[in-house]
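The following exercises concern a single protein chain. Each task is followed by a solution in steps.

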Amino acid sequence: MSELLRNLRPAQIRLIAAIAEHGQLQVAATACRMAQPGASRMLAELERAIGARLFQRTPKGMEPTPTGALLAQHARRIEHDLRRMAEDFDDLHSGLGGAVRVGAVTGPALGQLVPQVQRLKALSSSVDVSIEVAPSVALVQALERGELDFALARLPPQVNEREFILEPARDEIVQLLVREGHPMLGRSPVAIADLHGTRWILQQRGAPIRAAIETAFHDEGMTAPPDVITTSSLLAIIALLKDSDAVAPMSQEVIDLMLEPPVSAELRRLQLNRLVTVEPYLIIQARGRHISKAAERLLGMVQESIRSF
């Protein structure tokens, strides 16, 4: 059995990964540039050879069995490495080219990643760069699936750190955003304790910035703010701030961008009389995963920028 699996053809690997991704044989066959009858025969032959069903047909589509889920997980990784091989071949013959898939939590995305992506694109406009901005949990999961070359994020506690290459980066400074004319602006800088009764706009519980704000109140011997609206949507935060005396904590990089014309939207920075920081984020790569030369170049730029900050 192990010998059979070691000798799977690339077409079989692509088909397994595509069925698991799309859940429909016709869609998977199209994605693999195959006719559906041929894809159906290939799947049936593979299941016979393995001696186990890989997918169950359900009203919602084709769902992987435990055996199918295992093969699909490895098939996605193999397919990723095959794509990287082809991209590296193109890089070798075309110079600066290929694709970069990178992710970051919001502050580092704006403060570190975006400027270096602009530098890279100035050197070669043909580099295909994709930026994913998401919470750390989603970014690390994307790294595990081979969907990102590297990420600026924090490692969730349930993740095995030995599966990743970790490089310390820097912490984030938390600042407060309010509407123009907010009554507390005249008292700036303000003590965190003076804002306990204020309405706060926070991310979900456990998010690093929310945890930093709650810790700041705990340091003053106070509970977390009782009046909270929970959202991570920047547009929702702007709308909520515009017509209320609410306070929204964000990373310094995000607030710097928000206060620059033409984005400013009549918002202001409310200065605190103390420093509030979030635990440092990391530069994270999946261990043993090959990345393109373009991704290596961008990674080097980001590392240089963070070290010189």
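**Exercise 1.** Is isoleucine 78 buried, partly exposed or exposed?

*Solution.* The model is predicted, so local features need pLDDT of at least 70 and side-chain atom pairs count only at pLDDT 80 or more, while totals for chains, interfaces and linings use all residues. Residues are numbered from 1 along each chain as its sequence is written, and side-chain values use heavy atoms, with hydrogens and water left out.

Step 1. Apply the classes: buried is under 20% relative accessible area, exposed is over 50%, and partly exposed lies in between (1.4 Å probe, protein chains only).
Step 2. Isoleucine 78 has a relative accessible area of 38% and is therefore partly exposed.

**Exercise 2.** State the class of arginine 101 and its distance from alanine 151.

*Solution.* 
Step 1. Arginine 101 sits in strand β3 (residues 99-104).
Step 2. Its relative accessibility is 25%, so arginine 101 counts as partly exposed.
Step 3. From C-alpha to C-alpha, arginine 101 and alanine 151 lie 9.0 Å apart, although 50 residues separate them in sequence.

**Exercise 3.** Describe the geometry of the aromatic pair in the structure.

*Solution.* 
Step 1. A pair of aromatic rings is described by the distance of the centres and the angle of the planes.
Step 2. Rings of Phe, Tyr and Trp (its six-membered ring) pair if their centres lie within 6.5 Å; planes under 30 degrees apart are stacked, over 60 edge-to-face, and the rest tilted.
Step 3. The structure holds 1 such pair. Tryptophan 200 and phenylalanine 217 are edge-to-face, with 5.6 Å between centres and 80 degrees between planes.
Step 4. The pair links distant parts of the chain, 17 residues apart: tryptophan 200 is in strand β8 (residues 200-202) and phenylalanine 217 in helix α8 (residues 208-219).
Step 5. Both tryptophan 200 and phenylalanine 217 are buried.

**Exercise 4.** Summarise the protein chain as a whole.

*Solution.* 
Step 1. The protein chain contains 11 helices and 13 strands.
Step 2. Its C-alpha trace spans about 75 × 45 × 35 Å along the principal axes.
Step 3. Of its 309 residues, 42% count as buried.

Conventions
Helix = DSSP H or I, 4+ residues; strand = E, 2+ residues; numbered from the N terminus.
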